[in-house]
Amino acid sequence: ILLDIEFNPYKPMEIVVVGVGIIAILEISNTLLVVKERHCHSESEVISCLTHVYNCYGDSIESDILTGNSEGDISLLICGKYVKVREKAHVGVINCLKIAELFQYMVVLITGGEDCFIRIWNTKMKMLLSINLKNNLFFGGDLTQMADSSSFSPQSIDIYHCFSDSK
C-alpha cells in the first residue's frame, strides 16, 4: 500500500513513494517506471508521508528524504541509510511534513499529526512551537465540542508568508 508520492524538483524524472514498510525511489525511463533504490522495513512500520530536503554544494544540489510514520517518528533517508531523527514527534500518525524557509533567515520543519497538533521544529529537531488545533481560538474556538472532533487533524500543509522591504 502506497501512502504518499512526491517528484524530486531537482531531478524531474525521479519519483519517491512511501507506504507500508517501504520507501522506493523510482525513475521514469521512456514510458516505464524503474526502481532506482528501495528500502524495505518491517510491515509494522507504516511510512505515511515524505518531503525532500535540499543542500547546495557549489554547483551541485543533493537531495535527502524526510519521512513521518504511523508511530509519530520523523526519519531521514540520507546517503542510502534510514535514520530516525526524532522519536514520538507526535502521538500517533504523522500526516504531513513541510520544509519552509521563514522570512529568509530560518529553515524549519512543520509537521501535522493525527493528534491534532501542528508542530514546528528547527533543523536540529528541537520543537519551537506546538499548536493544538482543537483548542486554538484562531480556528474559531473550542473544537472539542464538535460531534466528531476526532476527525479534525491536519492532512496537508502549505506555507505562505508576506515579506515587505520597507525603505
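**View 1. Serine 48 sits in strand E5, residues 47-57.** Strands here are DSSP runs of E with at least two residues, helices are runs of H or I with at least four, and both are numbered from the N terminus. What you're looking at is a predicted model: local features need pLDDT of at least 70, side-chain atom pairs count only at pLDDT 80 or more, and totals for chains, interfaces and linings use all residues. Residues are numbered from 1 along each chain as its sequence is written, and side-chain values use heavy atoms, with hydrogens and water left out. Serine 48 is buried, since its relative accessible area is 12% (buried is under 20%, exposed is over 50%, partly exposed is in between, with a 1.4 Å probe and protein chains only). Leaving aside residues up to four places away in sequence, serine 48 touches Leu3, Asp4, Val18, Gly68, Asn69, Ser70, Val93 and Ile94; a contact means heavy atoms within 4.5 Å. Asparagine 95 is 47 residues from serine 48 in sequence, yet the C-alpha to C-alpha distance is 6.3 Å.

**View 2. The protein chain has 12 strands and zero helices.** Read from the N terminus, the elements go β-β-β-β-β-β-β-β-β-β-β-β. Of the 167 residues in the protein chain, 38% are buried. Take the contacts between residues at least 6 apart in sequence, and 33% of them join residues at least 24 apart. The chain exposes about 10300 Å², with carbon and sulfur atoms supplying 56% of that; accessible areas come from the Shrake-Rupley method with a 1.4 Å probe, and for residues only the protein chains shown count as cover.

**View 3. Strands E2, residues 11-19, and E3, residues 22-29, pair antiparallel over six bridges.** Pairing of two strands takes at least two DSSP bridges between them. Look for valine 16 opposite isoleucine 25 in E3. Two residues separate the strands in this hairpin, and glycine 21 takes a positive phi near 70°. E3 also pairs with E4, residues 32-40, in the antiparallel sense over eight bridges.

**View 4. Glutamate 27 and lysine 36 meet in a salt bridge at 3.9 Å, N to O.** The cut-off for a salt bridge is a side-chain nitrogen of Lys or Arg within 4 Å of a carboxyl oxygen of Asp or Glu. Lysine 36 is partly exposed at 42% relative accessibility, and so is glutamate 27 at 33%. Glutamate 27 also stands opposite valine 34 in E4. Zoom out a bit and there is a network of salt bridges linking Glu14, Glu27 and Lys36. Across the whole structure, the search finds five salt bridges.

**View 5. Lysine 88 forms a salt bridge with glutamate 71, with the closest N and O atoms 3.7 Å apart.** The pair links distant parts of the chain: lysine 88 is in the loop between strand E8 (81-86) and strand E9 (94-102), glutamate 71 is in the loop between strand E6 (60-69) and E7, and they are 17 residues apart. Lysine 88 is exposed at 55%, whereas glutamate 71 is partly exposed at 40%. Another salt bridge joins aspartate 73 and lysine 84 at 3.3 Å, N to O. Aspartate 73 lies in the loop between E6 and E7 and lysine 84 in strand E8, so this pair ties together parts 11 residues apart in sequence. Aspartate 73 is buried at 4%, while lysine 84 is partly exposed at 43%.

**View 6. Strands E10, residues 106-113, and E11, residues 117-121, pair antiparallel over four bridges.** Isoleucine 110 stands opposite isoleucine 120 in E11. The hairpin has three residues between its strands, and cysteine 116 takes a positive phi near 70°. Next, five bridges join E11 to E12, residues 127-132, again antiparallel. In this pairing, arginine 119 stands opposite serine 130 in E12. Five residues lie between E11 and E12 in their hairpin, and methionine 125 in the turn has a positive phi of about 65°.

**View 7. A search of the whole structure turns up zero disulfides.** Cysteine 49 is in no disulfide, and its nearest cysteine sulfur, on cysteine 96, is 6.5 Å away; a disulfide is a pair of cysteine sulfur atoms within 2.5 Å. Cysteine 49 is buried at 1% relative accessibility, whereas cysteine 79 is exposed at 75%.
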